[in-house]
Amino acid sequence: MHKQISKRFPFLQEKSPHYDHSLRVERSRNGEPTLFHNATALHSRYDPIREAERDIMHIPPDTDTILIAGFGLGYVTEAVIKAYPSMHIIIIEPNPSYFTLAEEYRNLDIITNHLRLTICYTQQTDVLIQQLFAWQSENPYWIELRPRTQLDPSFFDSFRTIFRQYQQRIQTNRLTLAQYSWLWWRNGIKNKEEWITMKPVSQLFHSCKDMPILVIAAGPSLSHHINDIQYLKERMLIICVETALRILLQHSIHPDIVVSIDSQYWNARHVDNLNLENIIYVLEGSVHPMLIRNIPQSMRYLMDPLTPIFQPLQAILPPLGSLRSGGSVSITAWDLALQMQPSSIWCLGFDFAYPHAATHAKGALFEEWLVASATRLNPVTMQQHHLIHQKGISIPNNYGTMIRSDTRMQLYQQWIEEALIREKVPSYNLSSLGAAIKGMPYKSIAEALELSIIRSNIDNIVQHMKQMPMPKTHFPSLISQFHMIKAEMEQSIVTIKNMLSHSDVHVFQQSIASSFTQFSILPYIRQWINPLKYSLDDVTFLEEKERLLIKLQALSTFLP
């Protein structure tokens, strides 16, 4: 009897040293062992090795991680390793009896010796997400031993759901990169002279130890508690997202800190005609230049770049401080609060849904634009209906009532739920109407008002933040870095021009990738290269290459 798997993964023996007596092994027609669960065959009765080889024939060539649901006797896992020796593999199997039987009847050396392999064996689906993130998987693929997964559908369904959510998140990131890369690039270049004048957000870290913080987003539930915030402000430091700023100022509530990461022009319009004289603003470097111009220089704080193309500039800029985004500015604001090391974080307007058929709190600029654009044939209610019910799903709120949400909002909620698992600072949800967030229990306004009044202490801390000195950055070094980016991009343009008559897409892509040796420009043009993979003829392939050339030339015009 071989004990390869159990030696590498001792938890298999610890979990259950006994066989599952509903399982039995018989010989297939070709002599290989095959597995039965009562009368159901989990592998081929004739040739289980060939069956496994057929099962993996449709794995896409760009796959970087394979998830195998159900182990059986290990035929599928073995076939994957033989076909893809460097592949990352995650086996999802809760019953250790399968591994025990596989060890008894088969030699599993090829599986045991595969270093890029792990096993998910408990109901804790977050382990799967953590592993995918650890491997930075961008193209995972799901394979299942269907006779096995049908025996324990609830267990495997939970992992399948998590896998699909992860896939959706990756796809959303790619679409975001493809849609906004131009905007990030243009805004970042225009803002380059402002970067060296901003204070690093890391100066705010650890500044609120043992002090509660209120983080305000612009979800619809904010309207129901707007009058309570003036009392909460006496007890907590207030951080808000830029979409909520106008609403707060309209009610004479001045937040201590505002967070903005959105690069779009319309996002900059949230501060139109607002007095920002005495409010600290935390910014990402690719926000719209108009927004930065509206903020007093002494009030600006800059975080590490969230966009991949500007991340290498961290070597030139002073340490700024990293904040997570999760696709939503409300998550960045929550992470800022977390980095300030408070005693607790209280969240308001974190709805991740559309309670009462509303998208934002009343008074948000988006809601005002919705009203302004309404016509007799396209009233506000119809516009809201289209926004809410497009790809809509139903989720429970903190009252247990079902409310409408969508896949985008669910991605944001999933992200913060995963982050909450790893954090020790308690976070509470003051929004009863919004989505029920795991790890962020609901607390009433009355419970929040039981906190001590500490506004004078908060004001002293905020005043100290405002008086922090400006950093010293060598501006010529920053400009020289942008010159290097431009040189690399021009090299890429020359490469493409030289290959316009080439018909081999793989050689073409390798040549492009080799031209981005020192800077992470490749993630931006990946979406532009992808159409080349699916070109049906030489003419289409040539047209796509010419489009790529035009886009790169346009990007290079923004550089100094």
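These are my notebook entries on a predicted model of one protein chain.

**Entry 1: the whole chain**

I started with the overall make-up. The chain has 560 residues, and 53% of them are buried. I found 25 helices and 17 strands.

**Entry 2: confidence**

Mean pLDDT for the chain is 82, and 77% of the residues reach 70 or more. I keep a caution here: where pLDDT is low, predicted coordinates should not be read in detail.

**Entry 3: helices α7 and α19**

I looked up a helix pair. Two packed helices are described by the angle between their axes and the distance between the axes. Helix α7 covers residues 126–134, and helix α19 covers residues 407–422. Their axes come within 11 Å and cross at roughly 95 degrees. An angle of 65 to 115 degrees counts as roughly perpendicular, so α7 and α19 are roughly perpendicular to each other. Which residues make the contact? From α7 I listed Asp126, Ile129, Gln130 and Phe133. From α19 I listed Gln414, Glu418, Ile421 and Arg422. By class, the contact has three nonpolar, two polar and three charged residues.

**Entry 4: aromatic rings**

I went on to the rings. The count is eight aromatic pairs. I took Trp142 and Phe163 to begin with. Their ring centres are 5.6 Å apart and their planes are at 35 degrees, so the pair is tilted. Trp142 sits in strand β7 (residues 140–144), and Phe163 sits in helix α9 (residues 153–190). The two are 21 residues apart, and the pair links distant parts of the chain. Both Trp142 and Phe163 are buried.

Then I turned to Phe350 and Phe352. This pair is edge-to-face, with 6.1 Å from centre to centre and 90 degrees between the planes. Why does Phe350 count as buried? Its relative accessible area is 1%, and buried means under 20%. Phe352 counts as buried too, at 5% relative accessibility.

I also noted one aromatic cluster, formed by Phe155, Phe156 and Phe159.

**Entry 5: Asp351**

I looked at Asp351 next. It lies in the loop between β14 (345–348) and α17. Is Asp351 buried or exposed? Asp351 is buried, with a relative accessible area of 1%. I left aside its neighbours within four places in sequence and listed what else Asp351 touches. Gly219, Pro220 and Ser221 are among its contacts. Ser431, Gly434 and Ala435 are also in contact with Asp351.

**Entry 6: helix α13**

My last stop was helix α13, residues 242–250. How many of its nine residues are buried? Eight are, and I noted the helix as mostly covered. The buried residues of α13 include Ala244, Leu245, Ile247, Leu248 and Leu249. Glu242, Thr243 and Arg246 are buried in α13 as well. Just after α13 comes Ser252, which takes a positive phi of about 60 degrees.

Notes
Residues numbered from 1 in each chain as written. Predicted model: local features only at pLDDT ≥ 70, side-chain atom pairs only at ≥ 80, totals over all residues. Heavy atoms only, no water. Axes fitted to C-alpha atoms, helices over the stretch in contact; angles between N-to-C directions. Helix = DSSP H or I, 4+ residues; strand = E, 2+ residues; numbered from the N terminus. Parallel < 35°, antiparallel > 145°, perpendicular 65-115°, else oblique. Contact = heavy atoms within 4.5 Å. Nonpolar A, V, L, I, M, F, W, Y, C, P; charged D, E, K, R; others polar. pLDDT = per-residue confidence, 0-100. Phe/Tyr/Trp six-rings, centres within 6.5 Å; stacked < 30°, edge-to-face > 60°. Buried < 20%, exposed > 50% of the residue type's maximum accessible area, 1.4 Å probe, protein only.
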